[in-house]
Amino acid sequence: MKDSVKTAVERILDSYLEMNNHRKTPERYAILRAIYETNGHFTLDELGDKMIKVYKFPVSRATLYNTLNLFLELRLVIRHRFQGTTKYEACYDNNSHCHQMCTVCGKVTEVRSLEITNAINELHLKRFRKDGFTLYIYGICSTCQAKITRQKNLRKTKTDINNNEPR
């Protein structure tokens, strides 16, 4: 995590906790660091495993869940629902991007598109202030497409063989 991002997100958390008379617990800061040192999307369970394996800082599932909800409220984390799975990602310095999602295997890949970003930035909305965007593009990844093509070719070959057998 860049020091400038680390400082900024910790400052946001500090301010919120102070203004609302909440305790500054080591768990909240450890979870925040773990999230911002994670590249890409993660589930609640993956975050919990990382807290134990990497940071040697076990926290309960309830603490993770409540802390993630706090970070969602502070716009430090964004939640996605990918084909029945809830995933999260840090969003302080990366809140506008696209996801391409394979409808066969569920693989999610982030995509950068200057054209889409510029189009969204130029979009004028009435009585609405844009903070960022997430775009989902659904389709079939090249790996799944290759499997589908192989299966079609195999079926065609079997059909051709069956049609050419003597009766």
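**Loops, a helix and the overall form**

Reader: At 63% relative accessibility, does K56 count as buried or exposed?
Author: A quick word before we start: this is a predicted model. The cut-off for exposed is over 50% relative accessible area. K56 has 63% relative accessibility, so it counts as exposed.

Reader: Where is the place of K56, and what is its phi?
Author: Happy to show you. K56 sits in the loop between α3 and α4. Most residues other than glycine have a negative phi. K56 is a residue other than glycine with a positive value, and its phi is near 55 degrees.

Reader: N21 is not a glycine either, so what is its phi, and is N21 buried or exposed?
Author: Look in the loop between α1 and α2, where N21 lies. Its phi is positive, at about 55 degrees. The relative accessible area of N21 is 73%, and with the cut-off for exposed at over 50%, N21 is exposed.

Reader: Let's turn to T43: which loop is T43 found in, and is T43 buried or exposed?
Author: You will find T43 in the loop between α2 (26-36) and α3 (44-53). Buried means under 20% relative accessible area. T43 has 16%, so T43 is buried.

Reader: Which residues is T43 in contact with, leaving aside its neighbours within four places in sequence?
Author: For this one, set aside the residues within four places of T43 in sequence. The contacts that remain for T43 are T85, T86 and K87.

Reader: Why is α2 largely enclosed by the rest of the structure, and what covers its buried residues?
Author: Eight of the eleven residues of α2 are buried, so this helix is largely enclosed. The buried ones are R28, Y29, A30, I31, L32, A34, I35 and Y36. Their cover includes α1 (3-19), α3, α4 (61-73), β1 (77-82) and β2 (85-90).

Reader: Does S113 count as buried or exposed?
Author: S113 has its place in the loop between β4 (108-111) and α5 (114-122). Its relative accessibility is 17%, and with the cut-off for buried at under 20%, S113 counts as buried.

Reader: Which side chain is joined to that of S113 by a polar contact, and which backbone nitrogen lies 3.2 Å from a polar atom of the S113 side chain?
Author: Both answers are found around the side chain of S113. The polar contact of 3.3 Å is with the side chain of E115. The backbone nitrogen, at 3.2 Å from a polar atom of the S113 side chain, belongs to I116.

Reader: Stepping back, what pattern does the protein follow along the sequence?
Author: The secondary structure comes to six helices and five strands. Reading along the sequence gives the order α-α-α-α-β-β-β-β-α-β-α.

Reader: What is the radius of gyration of the protein?
Author: The C-alpha trace spans about 85 × 45 × 25 Å along its principal axes. A compact globule of 167 residues would have a radius of gyration near 15 Å, whereas the protein has 22 Å.

Reader: One last thing: how far apart are the mean positions of the positive and negative charges?
Author: The protein has 28 positive and 18 negative charges.

Terms used. Residues are numbered from 1 along each chain as its sequence is written. This is a predicted model: local features need pLDDT of at least 70, side-chain atom pairs count only at pLDDT 80 or more; totals for chains, interfaces and linings use all residues. Side-chain values use heavy atoms; hydrogens and water are left out. Helices (H or I, at least four residues) and strands (E, at least two) are DSSP runs, numbered from the N terminus. Buried means under 20% relative accessible area, exposed over 50%, partly exposed in between (1.4 Å probe, protein chains only). A polar contact is a pair of N or O atoms within 3.5 Å; within protein, one must be able to donate a hydrogen and the other to accept it, and residues adjacent in sequence count only if both atoms are side-chain atoms. The radius of gyration is taken over C-alpha atoms; the globule rule is 2.2 Å times the number of residues to the power 0.38. Lys and Arg count as positive and Asp and Glu as negative; His and the chain ends are not counted. The place of a charge is taken as NZ of Lys, CZ of Arg, CG of Asp or CD of Glu. Contact means heavy atoms within 4.5 Å.
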